[in-house]
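Have your viewer open and follow along.

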Amino acid sequence: MAADHTRDPCPIVIINDFGGAFSMGVIGGTLWHGIKGFRNSPSGERRLGAISAIKSRAPVVGGNFGSWGGVFSIFDCAIKGIRRKEDPFNAIFAGFCTGGALALRGGFRSARNSAITCGCLLAVFEGVGMVIQRVLTPQPPPPPVQV
């Protein structure tokens, strides 16, 4: 795989990924907790319950997504710098390291399990991405037959 030269250099990518992941988390948290707050409120106060749930929980979800995305980006840039390659294994290793680093406060067992889970999850993402790319890439026409 060729290097992606359309992306910014690593220090800028890290900040960009923090912001992008935070934004995705806030948007997703707004939808999730808005619906949840609406459903769990009494019938006369559903709108107020949804707004209250959004105000209290959406920023937390955004912060969690932002921290995961930022730490992943830090590890991804570090691994790219160490390996001097740009391939799917960088994302898998970065996911492994991110899962372990974010769960480290829970102890070794928790960090190990989270690292393995995140590494496997990123391996599935990368594998599905490669399959989709292979399926959607147009096949070159066969060479003409000369008789």
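What follows goes from aromatic pairs to salt bridges and ends with a surface patch.

A bit of housekeeping: this is a predicted model, where local features need pLDDT of at least 70, side-chain atom pairs count only at pLDDT 80 or more, and totals for chains, interfaces and linings use all residues. Residues are numbered from 1 along each chain as its sequence is written, and side-chain values use heavy atoms, with hydrogens and water left out.

Rings come up now. A pair of aromatic rings is described by the distance of the centres and the angle of the planes. The cut-offs here: rings of Phe, Tyr and Trp (its six-membered ring) pair if their centres lie within 6.5 Å, and planes under 30 degrees apart count as stacked, over 60 as edge-to-face and the rest as tilted. Searching the whole structure turns up two aromatic pairs. One is tryptophan 68 with phenylalanine 72, a stacked pair at 5.3 Å centre to centre with 10° between the planes. Both residues lie in helix H2 (residues 46-83), four residues apart, about one turn of the helix; helices here are DSSP runs (H or I, at least four residues), numbered from the N terminus. How covered are these two? Tryptophan 68 is partly exposed at 30% relative accessible area, while phenylalanine 72 counts as buried at 17%. The scale is simple: buried means under 20% relative accessible area, exposed over 50%, and partly exposed in between, using a 1.4 Å probe and protein chains only.

Phenylalanine 89 and phenylalanine 93 make an aromatic pair too, stacked at 6.2 Å centre to centre and 25° between the planes. These two phenylalanines sit four residues apart in helix H3 (residues 88-102), so about one helical turn separates them. Phenylalanine 89 is partly exposed, with 47% relative accessible area, and phenylalanine 93 is partly exposed as well, with 39%.

Arginine 46 lies over the face of phenylalanine 38, 5.5 Å from the ring centre; the test is NZ of Lys or CZ of Arg within 6 Å of the ring centre and within 35 degrees of the ring normal.

On to charges meeting charges. Side chains of opposite charge can pair when their charged atoms come close. A salt bridge here is a side-chain nitrogen of Lys or Arg within 4 Å of a carboxyl oxygen of Asp or Glu, and the structure holds three. Lysine 80 bridges to aspartate 76, with the closest N and O atoms 3.4 Å apart. Both lie in helix H2, four residues apart. Lysine 80 is partly exposed at 23%, whereas aspartate 76 counts as buried at 14%. Lysine 80 also meets glutamate 86 in a salt bridge (3.9 Å, N to O). Arginine 83 and aspartate 87 meet in another, at 2.7 Å, N to O. Shared partners join Asp76, Lys80 and Glu86 into one network.

Last stop, the surface. Leu121, Val124, Phe125, Val128, Val131, Ile132, Val135 and Leu136 make a nonpolar patch of about 780 Å². Patch residues have over 30% relative accessible area and no salt bridge, with like charges joined within 9 Å and nonpolar side chains (Val, Leu, Ile, Met, Phe, Trp, Tyr) within 5 Å; the areas come from the Shrake-Rupley method with a 1.4 Å probe, and for residues only the protein chains shown count as cover. Valine 135, placed in helix H4 (residues 108-136), counts as exposed at 62% relative accessibility.
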